Amino acid sequence: MGRGKVQLKRIENKINRQVTFSKRRSGLLKKAHEISVLCDAEVGLIIFSTKGKLYEFSTESCMDKILERYERYSYAEKVLVSSESEIQGNWCHEYRKLKAKVETIQKCQKHLMGEDLESLNLKELQQLEQQLESSLKHIRSRKNQLMHESISELQKKERSLQEENKVLQKELVEKQKAHVAQQDQTQPQTSSSSSSFMLRDAPPAANTSIHPAATGERAEDAAVQPQAPPRTGLPPWMVSHING
């Protein structure tokens, strides 16, 4: 038959309890040594008997180093846990504060828009009215300031445009003067050249005062000479036939 399952409970017999303690202690120390060798782990084992006797095992030469390392780790872990819990508590508190602030702002905004005024009493309504009047004053003063600034800026632009217009008018007047002067210079040259051209091309006038008789004879000869027949483009025999 196989070995039955051992029920874990306090052994009442002192002798059996001492024997079991000795066996289990030796096995536990052996297992601690084995795990430190096989797995290259740092092991620290502390056992106190019922009489207060100390049994210990450590992979290093001194148990104090392992205990110091354990204390540092446990302290850091405690600080981390406490800081996380503290931060979480702070976040929860901050969230509640911000939520309340947002609700208050939303309520004030509704009051300013003229909504949910039933919950306000007379004093609160008067305060709201004063707040609106002061807000309107600030808004109007800011509007007037912006209007004055825009007007002054437009006036500056107007002055600059007027100066530019004056400069352009001055340039235009100078160009017109230069054009008129150029025309005045070219006009005498053209008049003198045209007059010389007319004198050069005019035919000589006939001097009738020297030979009056000759001129009278020429006029009579011209009156006696028959007029030439007009050019009609027809043959001469046909023309003479038509005239006869």
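Ser36 has its place in helix H1, where helices (H or I, at least four residues) and strands (E, at least two) are DSSP runs numbered from the N terminus. At 12% relative accessibility Ser36 counts as buried, a class that means under 20% relative accessible area, whereas exposed means over 50% and partly exposed in between, with a 1.4 Å probe and protein chains only. Leaving aside its neighbours within four places in sequence, Ser36 is in contact (heavy atoms within 4.5 Å) with Ala41, Val43, Phe57 and Thr59.

This is a predicted model, in which local features need pLDDT of at least 70 and side-chain atom pairs count only at pLDDT 80 or more, while totals for chains, interfaces and linings use all residues. Residues are numbered from 1 along each chain as its sequence is written, and side-chain values use heavy atoms, with hydrogens and water left out.

**The chain as a whole**

- The chain has five helices and two strands, and from the N terminus on its elements run α-β-β-α-α-α-α.
- Of the 244 residues of the chain, 7% count as buried.
- Among the contacts in the chain with a separation of 6 or more, 13% come from residues 24 or more positions apart.

**Arg25, a buried charged residue**

- Arg25 is found in helix H1, which covers residues 14–39, and, leaving aside neighbours within four places in sequence, Arg25 is in contact with Ile47 and Tyr55.
- Although Arg25 is buried, it has no salt bridge, and the nearest side chain of opposite charge, that of Glu56, is 13 Å away; here Lys and Arg count as positive and Asp and Glu as negative, while His and the chain ends are not counted.

**Salt bridges**

- A search of the whole structure finds three salt bridges, each defined as a side-chain nitrogen of Lys or Arg within 4 Å of a carboxyl oxygen of Asp or Glu.
- The side chains of Glu42 and Arg69 meet in one of them, at 2.6 Å from N to O. Glu42 lies in the loop between H1 and S1 and Arg69 in helix H2 (residues 63–112), so the pair ties together parts that are 27 residues apart in sequence.
- Both partners of that pair are partly exposed, Glu42 with a relative accessible area of 47% and Arg69 with one of 48%.
- Arg10 and Glu12 also meet through their side chains in a salt bridge, at 3.3 Å from N to O; Arg10 counts as exposed at 55% relative accessibility, and Glu12 is exposed with a relative accessible area of 60%.
- Arg72 and Glu68 form a salt bridge at 3.6 Å from N to O, and both lie in helix H2, four residues apart, which is about one turn of the helix. Glu68 counts as partly exposed, at 46% relative accessibility.

- Most residues other than glycine have a negative phi. Asp40 has a positive phi of about 55° although it is not a glycine.
- Asp40 has its place in the loop between H1 and strand S1 (44–48), and at 71% relative accessibility Asp40 counts as exposed.
- Cys108 has its place in helix H2 and is partly exposed, with a relative accessible area of 42%.
- Cys108 and Leu128 are 20 residues apart in sequence and 9.3 Å apart in space, taken from C-alpha to C-alpha.

- About 260 Å³ of space lies in the largest pocket. Of the 10 residues that line the largest pocket, the closest to its centre are Leu8, Lys9, Ile11, Thr20 and Arg24.
- A pocket is an open set of points on a 1 Å grid over the protein atoms alone, where a 1.4 Å probe fits, with protein on both sides within 12 Å along at least five of seven lines, and lining residues have an atom within 4 Å of a point. Grid points are joined across faces, edges and corners, and a volume is the space filled by probe spheres set on the points.
- By class, the lining of the largest pocket has four nonpolar, two polar and four charged residues; Ala, Val, Leu, Ile, Met, Phe, Trp, Tyr, Cys and Pro count as nonpolar, Asp, Glu, Lys and Arg as charged, and the others, Gly among them, as polar.
- The second largest pocket holds about 160 Å³ of space and is lined by Lys14, Arg17, Gln18, Phe21, Ser49, Thr50 and Lys51.
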